[in-house]
Amino acid sequence: MKKLISIFLILILLISASYFYAASAEGDFVIEDGVLISYNGSASAVTIPDGVYYIGNNAFENNKSVKSVNLKNKVEFIGDKAFYNCTSLSYLEGAASVSSVGAFVFSETPYINSASGDFVTLNGILLKYKGASQNVTIPDNIAVIAPYAFYDNTKITTICINENTFSIGEGAFYGCTSLNSVTIPSTVREIGAYAFYNTPWLNSNSGQLIVGDGILLSYMGNEENVKINSTVKRIAPYAFYENKNLKTVYFSPNTYIIGLRSFMGCENLTSISVSDKVQFIDEEAFAKCTSLKKINIPKNVEHIGKGTFAGCISLTRADIGGKLKKLDYGAFAGCTSLVTVYIRDNINEIGNNVFWGCDSLKKIRMPENVEVIGSGVFGNVPPALTVHSASSSSQLKDLCSSANISFSGEYGDVDNSGSLDIKDATLIQMYLAHLYTFSDEAIEKSDANYNMEVDVDDATFIQLILANLN
């Protein structure tokens with residue numbers, strides 16, 4: 001009898017184990033390139049599969065079953081609302097690799113709601129402030145203030161951020177309607193969009209507001225022409241967002257980061273002077289600046305984000321180059337007045353849809369060493385477009401052929417050597433001095449700087465290119 005009972009108990013355990021395994025099977029997870037897109041299981045204890053480094057937005061949202069999650073010390077990023085409203089989730093382990101979290105990741109969970117203490121943290125990230133104090137000092141063990149960590153806290157009046165904190169997330173103090181004093185140390189390197197939106201501290205400032213280590217957090221003035229102070233090193237996300245008065249902006253020679261959507265929708269902005277120190281221009285930084293006419297990306301820029309100039313319908317010319325390696329997705333999409341584009345040689349990748357809908361394009365100078373060309377680069381552009389390049393890339397030539405676009409040699413290469421050299425500059429100077437005769441083709445190719453005319457600036461342009469000064 002005892003033997004039968006033992007066998008029966010073993011069968012029950014095996015059935016239970018198989019049921020639990022089924023609930024946590026690989027089929028419960030939707031994973032793409034290391035990103036956990038969604039979890040569709042009903043297990044109470046979930047272990048994140050190997051290979052996942054990012055838990056995507058809303059991946060577990062509204063899951064009522066999960067009580068504990070093991071990240072296995074391999075997950076680095078957790079997206080917006082990843083565990084939002086998981087009403088049974090109370091335990092998280094293996095979070096030592098987590099360095100960044102999105103907005104409201106654990107909101108409406110016992111993990112937040114039942115946590116003890118004023119500061120709810122995860123691996124040095126302040127997820128939520130639950131205290132009732134008016135005067136708050138961020139503890140020394142906090143490196144990152146998560147997005148919306150103090151959201152709509154109407155009691156806090158002063159905040160002092162410690163020198164170990166380097167990042168303040170998007171909307172971190174959004175709606176703190178009593179906050180009138182903020183101390184930000186120079187160690188803070190990042191301030192997210194709307195971090196202090198609708199706070200007395202921000203609203204009481206006029207003109208340019210510079211905080212921390214040279215971060216221009218927000219511009220609230222009405223001036224048409226703005227010269228950014230020389231102390232500014234970074235333009236925060238949304239700093240000038242949809243400012244209707246701004247017409248001209250002169251960047252500080254010390255500014256090296258232009259943040260996410262920082263000038264997006266500034267519909268009267270006609271001119272920008274980007275200094276040579278700028279290295280990083282984030283996504284949609286100048287998108288929908290519908291009056292912007294020309295742009296020169298200086299030589300030290302290393303990154304232009306997706307859609308940086310998308311929808312700039314008055315933009316006629318763009319000079320792009322420097323240390324930039326890639327033109328990202330849709331960088332100039334919808335720039336319907338864009339006629340000429342000069343891309344310098346460091347760029348080796350042209351992303352998807354970069355020039356989609358640029359239906360006025362006539363000339364594009366492509367870099368010689370372009371290796372990757374995305375889909376839709378020339379989507380909905382006119383057949384009158386000519387691509388100029390010294391590149392021997394069959395991909396580029398095939399792309400032009402399939403889009404019925406003309407392909408020609410390097411502009412400025414008047415001696416047809418296959419590349420620019422000092423002889424080209426000399427020949428142009430001799431032609432302008434009536435000491436040398438050009439064929440019609442050579443005259444057309446003499447317009448090295450794409451300004452639609454042949455002049456001494458073309459020879460100078462070639463010399464600057466050769467000296468790596470342009």
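Me: Which residues make the nonpolar surface patch of about 260 Å²?
Reply: Tyr194, Tyr197 and Tyr241 make this patch. Patch members have over 30% relative accessible area and no salt bridge, and nonpolar side chains (Val, Leu, Ile, Met, Phe, Trp, Tyr) are joined within 5 Å. A salt bridge would be a side-chain nitrogen of Lys or Arg within 4 Å of a carboxyl oxygen of Asp or Glu. Keep in mind that this is a predicted model, where local features need pLDDT of at least 70 and side-chain atom pairs count only at pLDDT 80 or more. Residues are numbered from 1 along each chain, and side-chain values use heavy atoms.

Me: Why is Tyr197 called partly exposed?
Reply: Buried means under 20% relative accessible area and exposed means over 50%, with a 1.4 Å probe and protein chains only. Tyr197 has 38% relative accessibility, so it counts as partly exposed. Tyr197 is found in the loop between β16 (190-191) and α3 (200-203).

Me: What makes β1 and β2 a pair?
Reply: Pairing takes at least two bridges found by DSSP, and strands are DSSP runs of E with at least two residues. Strand β1 (residues 29-32) and strand β2 (residues 35-39) have four bridges in the antiparallel sense, so they pair. Phe29 stands opposite Tyr39 in β2. The two strands form a hairpin with two residues between them, and Asp33 in the turn has a positive phi of about 50 degrees.

Me: How do you know that β31 pairs with β33?
Reply: Three bridges join strand β31 (residues 363-365) to strand β33 (residues 386-388), and the two run parallel. The bridge partner of Arg365 in β33 is His388.

Methods
Patch = residues over 30% accessible without salt bridge, like charges linked within 9 Å, V, L, I, M, F, W, Y side chains within 5 Å. Areas by Shrake-Rupley, 256 points an atom, 1.4 Å probe, with all protein chains shown as cover.
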